[in-house]
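Q: I want to learn how to read salt bridges and helix packing from coordinates. Where do we begin?

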Amino acid sequence: REERNQVSSPRWASWNLGVFICIRCAGIHRNLGVHISRVKSVNLDQWTPEQIQCMQDMGNTKARHFYEANLPEHFRRPQTDQAVEFFIRDKYEKKKYVDKNANSGITITTSDVAAPLPSSPSLSNTAEKSKLEREKDRRKDEKKRGKYQEKPITLEKVKM
C-alpha cells in the first residue's frame, strides 16, 4: 500500500517530538503550531546537532510507547484525512493517550527555530530556566564577538 511505503521511508520529522513522519502527517503537524510540533524535511532542511540529538533520544518506537500508552487495546488507526488529523491532535496536542505517571524523556532545547514558551510545563523548574537563559546569553555574546558559528548539517549525513 502507498500508505505503508510513506511510513517505511519518511522524508519528514517532528524534531522536538523526536519522530519521523510521512508527508501527509507533516502537513498536519505543521498546523499544530511550533509550540507543539516543529517539522523539518529530513533531506532538504539543515539540522543542528541539537535537533539531531532530539531525534536520537526519542525515536518513533519510544514516542509511540509514551504518546500511545493508554490507547484502547483494539484501537483502529484512522484512515481519512480528517480522522488522522483528529487522532494526531488528540495524541500530541491533548496528550489524550499519555500515561500521566510516565516520564517522556523529551527535552526542551534552545534552538534557532523557536524558543519554548515560558509557560511550558517542562520549564517550570527554575534551575532549568536559568540554564537555558545562560546558554542563550552565551550564544548571543559569542555571536557578537564573532566566535559562535553553528554549522547546521543535514540529517541524512548522520547514522541513526
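A: Begin with the cut-off. A salt bridge is a side-chain nitrogen of Lys or Arg within 4 Å of a carboxyl oxygen of Asp or Glu. Keep in mind that this is a predicted model. Here Arg89 pairs with Glu93, and their closest N and O atoms are 3.0 Å apart.

Q: How many residues apart are Arg89 and Glu93 in helix 5?

A: They are 4 residues apart in helix 5, so about one helical turn separates Arg89 from Glu93. Glu93 has a relative accessible area of 36%, which makes it partly exposed.

Q: How many salt bridges does the structure hold?

A: The structure holds 8 salt bridges. One of the pairs is Lys94 with Asp90, whose side chains meet at 3.5 Å, N to O.

Q: Is Asp90 buried or exposed? And what about Lys94?

A: Use the cut-offs: buried means under 20% relative accessible area, and exposed means over 50%. Asp90 has a relative accessible area of 14%, so Asp90 is buried. Lys94 is at 57% relative accessibility, so Lys94 counts as exposed.

Q: Which residues are linked in a network of salt bridges?

A: Arg64, Glu68, Arg77 and Lys91 are linked in such a network.

Q: Which residue forms a salt bridge with Arg24?

A: Asp81 does, with the closest N and O atoms 2.9 Å apart. Arg24 lies in helix 2 and Asp81 in helix 5, so this pair ties together parts that are 57 residues apart in sequence. Arg24 is at 25% relative accessibility and therefore counts as partly exposed. Asp81, at 54%, counts as exposed.

Q: Now the helices themselves. At what angle do the axes of helix 2 and helix 5 cross?

A: Roughly 50°. Helix 2 spans residues 23–32, helix 5 spans residues 81–93, and their axes come within 10 Å. To name the geometry, apply the angle classes: under 35 degrees is roughly parallel, and 65 to 115 is roughly perpendicular. Helix 2 and helix 5 are therefore oblique to each other.

Q: Is that crossing of helix 2 and helix 5 left-handed or right-handed?

A: The crossing of these two helices is right-handed.

Q: Which residues make the contact?

A: Helix 2 contributes Arg24, Cys25, Ile28, His29, Asn31 and Leu32. Helix 5 contributes Asp81, Val84, Glu85, Ile88, Arg89, Tyr92 and Glu93.

Methods. Residues are numbered from 1 along each chain as its sequence is written. This is a predicted model: local features need pLDDT of at least 70, side-chain atom pairs count only at pLDDT 80 or more; totals for chains, interfaces and linings use all residues. Side-chain values use heavy atoms; hydrogens and water are left out. Axes are lines fitted to C-alpha atoms, for helices over the stretch in contact, and angles run from 0 to 180 degrees between N-to-C directions. Angles under 35 degrees count as roughly parallel, over 145 as roughly antiparallel, 65 to 115 as roughly perpendicular and the rest as oblique. A crossing is left-handed if the near helix is turned anticlockwise from the far one by less than a right angle, and right-handed if clockwise. Contact means heavy atoms within 4.5 Å. Buried means under 20% relative accessible area, exposed over 50%, partly exposed in between (1.4 Å probe, protein chains only).
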